[in-house]
Amino acid sequence: MRPLRCLILGAAGRDFHDFQVFFRARPELRVLAFTAEQIPFIDRRVFPRELAGPGYDADIPIYPERELPELIARLEIDAVFLAYSDLPYAEVMHKASVVQAAGASFALLGLRATQLSSRLPVISVTASRTGAGKSPIAQAIARHLVDHGYAVGVLRHPMPYGDLRRQEVQRFATLADLDRHECTIEEREEYRPYVAQGLTIYAGVDYTKVLAAAEQDVDLILWDGGNNDTSFIRAGLSIVVLDALRPGHETSYYPGETNLRLADVLVINKVAQAEPGAVELVRATITAVHPQAEVIESDLEVVADAADIRGRRALVVEDGPTTTHGGRPWGAGYWAARHCGAAEIIDPRPFAVGTLAAAYREYPHVGPVLPALGYSAAQRDDLAATIRAAAPEVVIDASPARLDSVLALDVPIVTVGYRFAQRAGPDLLQRALEFAAAGGRRGDAAR
């Protein structure tokens, strides 16, 4: 029988990992193409044959997802595998219907097929939605463990938006590494906060090799997830962040509910900002779905210099993914502008140019803030041009990438950040420390 002809729906991350660990070693499955969605400028590339393995004598093309029905017909695809995250359940089934109407089967891979095992203890931090606040929590855990003498290797969900051949394994230990790897603003948002704290972070395309590289240097692996995706590495301690600002999303976005059901510890985050009754709704979901989990409540405290904001016309730049496909209309920057006394919060939408104007059309929920989009040099130019056209007296920068490191702007920039603050429940940082001290045995046994 001929191999099953497969296509992988992706967004430059989970799709490549699934190919490497599941499809590559199975000659009965043949991947004819990937598609790309969510992230700009990642389609019309190829997955290099050098990374695809001996069964492939040519690069595997990557197409826009909108071409899916035509690709199924033209390539005679038998099965389509969904391999990206943060999708409402209805959208997942719409995609399945498109695939089935075109004659192919629709599939989702499970954890046994895709997770790697480490010889070291592993803590994973994942979430119910993009923008739930997992990275500040993961950073706090990493810092706490390092302060207690542990060498921590942080593995970040992949963001290979450039030349995949050069991104097979990436290690970021200094700020210069961000330049050497030609990181986009979006990559810098995830990597820079760790590096700025003196921590080392690993990422790339081939996570078998990424994990092996990290294991050479550290005592413990900390997985910092992307979107609401599941961990690529099997964790002995699974920490899952739920967003109190979006009650109900923890069981209505794929694969956030998978994380919820896997969790050892559930962190209900942003409780101080939540609407009345929202935390109780999230707790009711936990009771119904996974009552065995430990539950913690926390906030992300906004850190900003109010003196540099008060009385000035401010333009707010927010974390990009949180305010685009993450669905949040604004974030820490807008909160800081309102609570630190900005004379005016400039609406950047009338001033947006090029790809930034297109982003507002694609994501109409975004409020009077500017997403820090910089997936290409041209998009970074559009971002800078939009800021200049708005003529602010101050830019409030809530992007962890730090705009002053990637854009040349003749305007004062005030940086805004988040700080994890636990409000209730067992001490999360102590829980992580106890797990590390036990060498991962307790969590592994529970699995």
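**Helix packing, sheet and loops**

User: At what angle do helix α6 (residues 134-147) and helix α8 (residues 185-196) pack?

Analyst: The axes of α6 and α8 are 11 Å apart. Axes are lines fitted to C-alpha atoms, for helices over the stretch in contact, and angles run from 0 to 180 degrees between N-to-C directions. Helices (H or I, at least four residues) and strands (E, at least two) are DSSP runs, numbered from the N terminus. On this basis, α6 and α8 pack at an angle of about 20 degrees.

User: On what kind of model do these values rest?

Analyst: Residues are numbered from 1 along each chain as its sequence is written, and side-chain values use heavy atoms, leaving out hydrogens and water. Local features need pLDDT of at least 70, side-chain atom pairs count only at pLDDT 80 or more, and totals for chains, interfaces and linings use all residues; this is a predicted model.

User: Which residues of α8 meet α6?

Analyst: The α6 side of the contact (heavy atoms within 4.5 Å) consists of Ser-135, Ala-138, Gln-139 and Ala-142. In α8, the residues that meet them are Glu-190, Pro-193 and Tyr-194.

User: Which strands form the edges of the open sheet of 9 strands?

Analyst: The sheet has mixed pairing (at least two DSSP bridges between two strands), in the order β10-β11-β9-β12-β8-β13-β15-β16-β22. Its neighbouring strands are turned by 25 degrees against each other on average, direction ignored. Two strands pair on one side only, and these edge strands are β10 (169-172) and β22 (417-424).

User: Which residue of β22 is the bridge partner of Leu-300?

Analyst: Strand β16 (residues 294-303) and β22 run antiparallel and are joined by 7 bridges. The partner of Leu-300 in β22 is Phe-420.

User: Is β12 (220-224) largely enclosed or open, and how many of its residues are buried?

Analyst: In a regular strand the side chains alternate between the two faces of the sheet. On one side of β12, Leu-220, Leu-222 and Asp-224 are buried, and on the other Ile-221 and Trp-223 are buried. Buried means under 20% relative accessible area, exposed over 50%, and partly exposed in between (1.4 Å probe, protein chains only). The strand β12 is therefore largely enclosed by the rest of the structure, with the number of buried residues being 5 of the 5.

User: Which residue of β12 is the bridge partner of Ser-124?

Analyst: β12 runs parallel to β9, with 5 bridges, and Gly-153 stands opposite Ile-221. β12 also runs parallel to β8, with 4 bridges. The partner of Ser-124 is Trp-223.

User: What is the relative accessibility of Lys-270?

Analyst: Lys-270 is found in the loop between β15 and α11 (278-289). Not counting residues up to four places away in sequence, Lys-270 touches several residues, including Asp-243, Arg-246, Asp-299 and Leu-300. Lys-270 therefore counts as buried, its relative accessibility being 7%.

User: Is Asn-227 buried or exposed?

Analyst: Asn-227 is found in the loop between β12 and β13. Although not a glycine, Asn-227 has a positive phi of about 50 degrees. Its relative accessibility is 15%, so Asn-227 counts as buried.
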